[in-house]
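Visitor: I have a protein model open and would like to learn how to read it. Could you walk me through some features?

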Amino acid sequence: QVQLEVSGGGLVQPGGSLRLSCGASGRSFSTYTLAWFRQAPGKDREFVTGIRKRGGLSTYYADSVRGRFSISKDNAKNTWYLQMNSLEPEDTAIYYCAMTSRGVITSQVRAQYEYDSWGQGTQVTVSS
């Protein structure tokens with residue numbers, strides 16, 4: 001397993017922006033799938049966005065965040081990011097990063113059980 005460390009949560013007003021970071025310790029991988037999930041109070045944890053490297057790079061987004069959130073990776077730092085813009089109160093949740101060294105098939109990128117390394121959660125609160 002890889003150790004993941006999350007940073008960047010906090011309180012932001014509606015319409016604001018935040019960037020979360022997830023740093024991975026240890027070796028780099030030629031194939032991987034990285035993702036962000038979130039869990040709002042009283043709700044199940046849900047997929048937010050993912051990025052897969054298997055040959056080329058592919059990105060995936062939940063419909064609720066498409067066009068507002070973006071995922072990216074800095075290979076030099078072995079860190080990936082979740083840029084969140086136009087935040088809404090409904091985005092309030094604990095956000096988790098996750099990864100696997102496998103290039104998960106497209107239909108399974110949203111499945112939590114595919115990921116074997118998880119970071120600690122970070123609270124994102126969107127409120128005026």
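Guide: Gladly, and keep in mind that this is a predicted model. Let us start with the lining of the largest pocket, sorted by class: three residues are nonpolar, two are polar and eight are charged.

Visitor: What is the volume of the largest pocket?

Guide: The volume is about 220 Å³. Lining residues number 13, and the closest to the centre of the largest pocket are Ala 40, Lys 43, Glu 46, Glu 90 and Thr 92.

Visitor: Now disulfides, please. How many are there by the rule?

Guide: The rule asks for a pair of cysteine sulfur atoms within 2.5 Å. Here the count is one disulfide. Cys 22 and Cys 97 are the partners, with an S to S distance of 2.0 Å. You can also read the handedness of the link: the angle about the S-S bond is 55°, and the link is right-handed.

Visitor: Which parts of the chain does the pair tie together?

Guide: Cys 22 belongs to strand β3 (residues 18–24) and Cys 97 to strand β9 (residues 93–100), so the link ties together parts that lie 75 residues apart in sequence.

Visitor: Are these cysteines buried or exposed?

Guide: To decide, compare the relative accessible area with the cut-off: under 20% means buried. Cys 22 has 0%, so Cys 22 is buried. Cys 97 is also at 0% relative accessibility and therefore counts as buried.

Visitor: Let us turn to sheets. In what order do the four strands of the open sheet come?

Guide: Read across the sheet from strand to strand: the order is β1-β3-β8-β7, with antiparallel pairing. β1 (4–7) and β7 (69–74) are at the edges with a single partner strand each, so one side of each has no neighbour in the sheet. On average, neighbouring strands in this sheet are turned by 15° against each other, direction ignored.

Visitor: How many bridges join β7 to β8?

Guide: Six bridges join them, and β8 covers residues 79–84; the two strands run antiparallel. To follow the pairing by eye, find Asp 74, which stands opposite Thr 79 in β8.

Visitor: Which residue is in the turn of the hairpin that β5 and β6 form?

Guide: That is Gly 55, which has a positive phi of about 85°; one residue lies between the two strands. β5 (residues 46–54) and β6 (residues 56–61) pair in the antiparallel sense over six bridges. As a place to look, Lys 53 stands opposite Leu 57 in β6.

Notes
Residues numbered from 1 in each chain as written. Predicted model: local features only at pLDDT ≥ 70, side-chain atom pairs only at ≥ 80, totals over all residues. Heavy atoms only, no water. Pairing = 2+ DSSP bridges. Axes fitted to C-alpha atoms, helices over the stretch in contact; angles between N-to-C directions. 1 Å grid on protein atoms, 1.4 Å probe; cavity = no way out; pocket = protein on both sides within 12 Å on 5 of 7 lines; lining within 4 Å. Points joined across faces, edges and corners; volume = space filled by probe spheres on them. Nonpolar A, V, L, I, M, F, W, Y, C, P; charged D, E, K, R; others polar. Buried < 20%, exposed > 50% of the residue type's maximum accessible area, 1.4 Å probe, protein only.
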